[in-house]
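Here is a friendly tour of a few local features, written for someone who likes to see the cut-offs. Please have the model open as you read.

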Amino acid sequence: MATASSLFLASPVATAPTARSRSTPSASPARPSLRLRRPSTLAAAAVQAEHQPAVAAAPKPPALPFRVGHGFDLHRLEPGLPLIIGGIDIPHDRGCDAHSDGDVLLHCVVDAILGALGLPDIGQIFPDSDPRWKGADSSVFMREAVKLMHEAGYELGNLDATLILQKPKISPFKETIRSNLCDLLGADPSVVNLKAKTHEKVDSLGENRSIAAHTVVLLMRK
């Protein structure tokens with residue numbers, strides 16, 4: 001159960017995020033350099049002062065030995081936007097159209113954790129109608145979900161995530177994404193699994209017009 005210290009909102013994020021530089025794919029076969037995104041001080045401070053009614057109204061989870069949660073997220077891809085996956089800026093000619101940074105993987109993991117705890121989803125806790133989350137780093141949402149998990153008396157058993165996108169190929173970035181995911185979760189790499197699938201050129205996913213992710217988490221009572 002989230003306590004009154006959870007989901008506190010301090011100062012509004014007053015301005016839209018500054019433009020992020022994006023590298024373009026190189027013709028060279030060399031492994032592309034990756035940039036780990038760090039949340040701004042303002043965005044990180046945004047989870048501190050006013051308790052969110054959506055979480056306050058949620059019932060206290062029963063003291064079950066295990067809890068399972070499933071997360072799903074999908075974002076439309078548009079030219080000229082950064083493609084952020086798992087907190088990593090991935091070189092691509094288009095990125096996610098979203099209120100925050102559009103990190104489909106982190107959004108999906110957050111929803112899986114919240115679902116396992118029986119709490120409202122990410123859209124209720126961090127609504128896209130709130131200017132405080134405009135362009136926010138999704139690591140802010142992740143850290144809050146992990147905090148709620150520990151406050152409820154649980155820890156991560158394991159996580160299995162699947163990215164679905166036609167382009168770009170995720171294999172060169174997979175271990176960097178997984179490593180950052182482990183850092184955010186405070187988890188050993190042996191309990192965090194990441195897979196990527198194409199959509200066989202079918203519908204918006206297969207036509208490189210959108211990206212999606214599924215995540216399943218197992219939480220264990222401490």
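## Helix H3

Because 13 of the 14 residues of H3 are buried, this helix is largely enclosed by the rest of the structure. Buried here means under 20% relative accessible area, with a 1.4 Å probe and protein chains only. Helices are DSSP runs of H or I with at least four residues, strands are E runs of at least two, and both are numbered from the N terminus.

H3 covers residues 104–117 and reaches 20 Å from its first C-alpha to its last, close to the 20 Å expected at 1.5 Å a residue; the expected span is 1.5 Å times one less than the number of residues. Just after H3, Gly118 has a positive phi of about 75°.

## How to read the model

This is a predicted model, where local features need pLDDT of at least 70, side-chain atom pairs count only at pLDDT 80 or more, and totals for chains, interfaces and linings use all residues. Residues are numbered from 1 along each chain as its sequence is written, and side-chain values use heavy atoms, leaving out hydrogens and water.

Strands S6 (residues 154–164) and S7 (residues 192–197) run parallel, joined by 6 bridges; pairing takes at least two DSSP bridges. Leu159 has Val192 in S7 as its bridge partner.

Helix H6 (residues 174–185) has its end C-alpha atoms 16 Å apart, in agreement with the 16 Å that its 12 residues should span. Its buried residues include Ile177, Arg178 and Leu181. Just after H6, Gly186 takes a positive phi of about 65°.

Methods
Buried means under 20% relative accessible area, exposed over 50%, partly exposed in between (1.4 Å probe, protein chains only).
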